[in-house]
Amino acid sequence: MIRRLERYFITGIVVLLPLAVVLYLGVWIWNASDVFFLSLLRLLGVETPEWLKPLLPVLGLLSTAALILMVGMLAGHWAGRQLLAAFDQLVNLVPLVRDVYNAVKQISTSFFTRPEVHFSRAALVEYPRRGSYALCFVVQRVEDRLKPLPPGHTVVVVPTSPVPASGFVIVVPEEDLIPLDIKVEDALRFIVSAGFLLPGNGGASLGRHET
């Protein structure tokens, strides 16, 4: 009986925790948008009329979205990119701030941008030592383009967790790759979750096949 109640309790946590996080973030964004719009009005020296106060959260969300769009448009032009590059250099001069800033920037880049390189599939490679395996993404065959390296090698990217946008490139023999019967998206979720989110279906294929 106690074990059954414990199982029910854990199941309830699993069900309610994501909902609680989403609700908490929603309330926080709603309240923050109210404060943002009030601060914007005070900066402009405008008094807030009483009839407008109930609409402040909605106006805050709209003004925040407009600000994000304006920054995105600015970053899409040459002058904006130069300005942002100068801001990055300025932030990187501050020791503690630059670590937090660069970490958040890497995470947001990996989540919200489309990578220019599309990996063909996920695989395992025996790395960094014999008996241990790292998840990797297959990029392309080397063929004879990295002489004097002989043919039969493949370029793979070994991502780092929890930010798959970073990592390193290694060249391995094709027969050393262990194909995985999972989608690239599932492999990315596995990396981002630091190994907690294992793919629900499929697993490592013990056979070898070419890229």
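## The loop that holds Pro-128

Pro-128 is placed in the loop between strand E1 (121-126) and strand E2 (133-141); helices (H or I, at least four residues) and strands (E, at least two) are DSSP runs, numbered from the N terminus. The peptide bond that leads from Tyr-127 to Pro-128 is cis, its omega being near 5 degrees. Most residues other than glycine have a negative phi, and most peptide bonds are trans.

The model is a predicted one, in which local features need pLDDT of at least 70 and side-chain atom pairs count only at pLDDT 80 or more, while totals for chains, interfaces and linings use all residues. Residues are numbered from 1 along each chain as its sequence is written, and side-chain values use heavy atoms, with hydrogens and water left out.

## Strand pairing

Strands E1 and E2 pair in the antiparallel sense over six bridges; two strands pair if DSSP finds at least two bridges between them. Val-125 has Ala-134 in E2 as its bridge partner. The two strands E1 and E2 form a hairpin with six residues between them, and Gly-131 in the turn has a positive phi of about 95 degrees.

Strand E2 is also joined to strand E3 (residues 153-159), by four bridges, and these two strands run antiparallel. For Phe-137, the bridge partner in E3 is Val-157.

## The aromatic pair

One aromatic pair is found in the structure. Rings of Phe, Tyr and Trp (its six-membered ring) pair if their centres lie within 6.5 Å; planes under 30 degrees apart count as stacked, over 60 as edge-to-face and the rest as tilted. The ring centres of Tyr-127 and Phe-168 are 5.6 Å apart and the planes stand at 50 degrees, so the pair is tilted. This pair links distant parts of the chain: Tyr-127 belongs to the loop between E1 and E2, Phe-168 to strand E4 (residues 167-173), and the two are 41 residues apart.

Accessibility is classed by relative accessible area: buried means under 20%, exposed over 50%, and partly exposed in between (1.4 Å probe, protein chains only). Tyr-127, at 31% relative accessibility, counts as partly exposed. Phe-168 is partly exposed, with a relative accessible area of 34%.

## Salt bridges

There are three salt bridges in the structure, a salt bridge being a side-chain nitrogen of Lys or Arg within 4 Å of a carboxyl oxygen of Asp or Glu. Arg-141 meets Glu-143 in a salt bridge at 3.9 Å, N to O. Glu-143 is partly exposed, with a relative accessible area of 36%, and Arg-141 counts as partly exposed at 26% relative accessibility. Arg-141 also forms a salt bridge with Glu-174, the closest N and O atoms being 3.3 Å apart. That pair links distant parts of the chain, with Glu-174 in the loop between E4 and strand E5 (177-179) and Arg-141 in strand E2, 33 residues apart. Glu-174 counts as buried, at 11% relative accessibility.

A further salt bridge joins Arg-189 and Asp-186 at 2.2 Å, N to O. Both residues lie in helix H5 (residues 184-192), three residues apart, about one turn of the helix. Arg-189 is partly exposed, with a relative accessible area of 45%. Salt bridges that share partners join Arg-141, Glu-143 and Glu-174 into one network.

## Helix H3

Helix H3 (residues 78-91) has 14 residues, which at 1.5 Å a residue should span 20 Å; its end C-alpha atoms are 20 Å apart, in agreement. The expected span of a helix is 1.5 Å times one less than its number of residues. Gly-80, Asp-88 and Val-91 are the buried residues of H3. They cover an arc of only 80 degrees around the axis, which puts them on the same side of H3; the arc is that of the directions from the helix axis to the C-beta atoms. On the other side of H3, the residues Trp-78, Ala-79, Leu-83, Gln-89 and Leu-90 are exposed.

Val-91, which lies in helix H3, is buried with a relative accessible area of 9%. Leaving aside its neighbours within four places in sequence, Val-91 is in contact (heavy atoms within 4.5 Å) with Val-97, Arg-98 and Tyr-101. Between Val-91 and Tyr-101 the separation is 10 residues in sequence and 7.8 Å in space, C-alpha to C-alpha.
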